[in-house]
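Subject: Structure handover

Hello,

Here is the structure I said I would pass on.

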Amino acid sequence: MATRAEQKQKTRRALMDAALSQLSADRGFGSLSLREVAREAGIAPTSFYRHFAELDELGLALVDEGGVALRQLMRQARKRIARDGGSAISTSVETFMEYLGNNANLFRLMLRERTGVSKPFRTAVKAEIDHFVTELADDLRRIADEQNKPLSEARLVAEAMVTLVFNQGAEALDATASERDELKAKLKTELRMILVGSQTLARRN
């Protein structure tokens with residue numbers, strides 16, 4: 001039998017899943033109502049407040065979850081690369097597209113709120129992107145040292161790569177399988193161009 005804490009966590013999860021299930025290419029988080037989220041989760045609207053102070057707090061929890069899930073996947077990808085070898089860019093792109101396939105509505109939420117009207121949401125998404133950029137920049141520096149291929153401005157390279165990945169991710173969300181394959185190939189080429197450009201600048205300096 002579930003404890004009270006376990007039941008509370010289960011209901012909190014149900015509310016988050018209910019909100020996610022309402023999102024689509026045509027509907028953003030701002031159009032959701034507390035009542036419909038509670039109804040979808042199978043609880044009374046008044047019970048919602050036992051788990052979140054307001055609907056926006058639930059949305060911020062989803063943004064955090066989306067960022068954490070993506071960073072964890074990319075860390076796993078880096079471990080696979082270190083263990084098995086292979087192209088870091090290719091493996092990372094494939095991993096990102098896998099994330100999109102499994103977390104489409106989470107990514108939609110982050111994309112929309114990145115430039116949305118809510119400052120708390122914009123701040124939360126920016127923080128998640130900054131975490132991602134920082135980890136990528138650290139990884140780029142490490143690989144550059146290991147391969148003796150210095151980079152110019154690793155942080156800027158990471159920012160450019162993350163911006164590109166997010167933009168291409170937006171296109172990939174509603175793409176067909178063949179269109180997504182084309183986007184993956186294009187993204188891998190563009191990321192390599194950014195990397196080679198930074199390496200070239202480092203040699204010239």
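The notes below cover a helix pair, the pocket, the cavity and one glutamine. Please keep in mind that this is a predicted model.

Helix pair

Helix 1 (residues 4-22) packs against helix 3 with the axes 10 Å apart and an angle of about 85° between them. Angles of 65 to 115 degrees count as roughly perpendicular, so helix 1 and helix 3 are roughly perpendicular to each other. On the helix 1 side, the contact is made by Arg12, Arg13, Leu15, Met16, Ala19 and Leu20. Helix 3 brings Leu58, Ala61, Leu62 and Glu65 to the contact. Sorted by class, the residues in this contact of helix 1 with helix 3 are 7 nonpolar and 3 charged, with no polar ones.

Largest pocket

The largest pocket has a volume of about 640 Å³. Its lining consists of 29 residues, and Ala88, Ile89, Ser92, Leu140 and Ile143 are the closest to the pocket centre. Five helices are worth checking here: helix 3, helix 4 (88-102), helix 6, helix 7 (154-172) and helix 8 each supply at least two lining residues. Helix 6 gives the most, with 9 residues. By class, the lining of the largest pocket has 19 nonpolar, 4 polar and 6 charged residues.

Cavity

How many cavities of 30 Å³ or more does a search of the whole structure find? The search finds 1, and the volume of the largest cavity is about 50 Å³. The residues lining the largest cavity are Gly67, Leu70, Arg71, Met110, Glu128, Ile129, Phe132 and Phe166. At least two of the lining residues come from helix 3 (55-84), and at least two from helix 6 (119-147). The cavity lining divides into 5 nonpolar, 1 polar and 2 charged residues. Helix 3 and helix 6 are also among the helices that each supply at least two residues to the lining of the largest pocket.

Gln199

Gln199 is in helix 8, which spans residues 177-204. Is Gln199 buried or exposed? Its relative accessibility is 15%, and buried means under 20%, so Gln199 counts as buried. Apart from neighbours within four places in sequence, Gln199 is in contact with Lys149, Pro150 and Leu151.

Regards

Methods: Residues numbered from 1 in each chain as written. Predicted model: local features only at pLDDT ≥ 70, side-chain atom pairs only at ≥ 80, totals over all residues. Heavy atoms only, no water. 1 Å grid on protein atoms, 1.4 Å probe; cavity = no way out; pocket = protein on both sides within 12 Å on 5 of 7 lines; lining within 4 Å. Points joined across faces, edges and corners; volume = space filled by probe spheres on them. Helix = DSSP H or I, 4+ residues; strand = E, 2+ residues; numbered from the N terminus. Nonpolar A, V, L, I, M, F, W, Y, C, P; charged D, E, K, R; others polar. Buried < 20%, exposed > 50% of the residue type's maximum accessible area, 1.4 Å probe, protein only. Contact = heavy atoms within 4.5 Å. Axes fitted to C-alpha atoms, helices over the stretch in contact; angles between N-to-C directions. Parallel < 35°, antiparallel > 145°, perpendicular 65-115°, else oblique.
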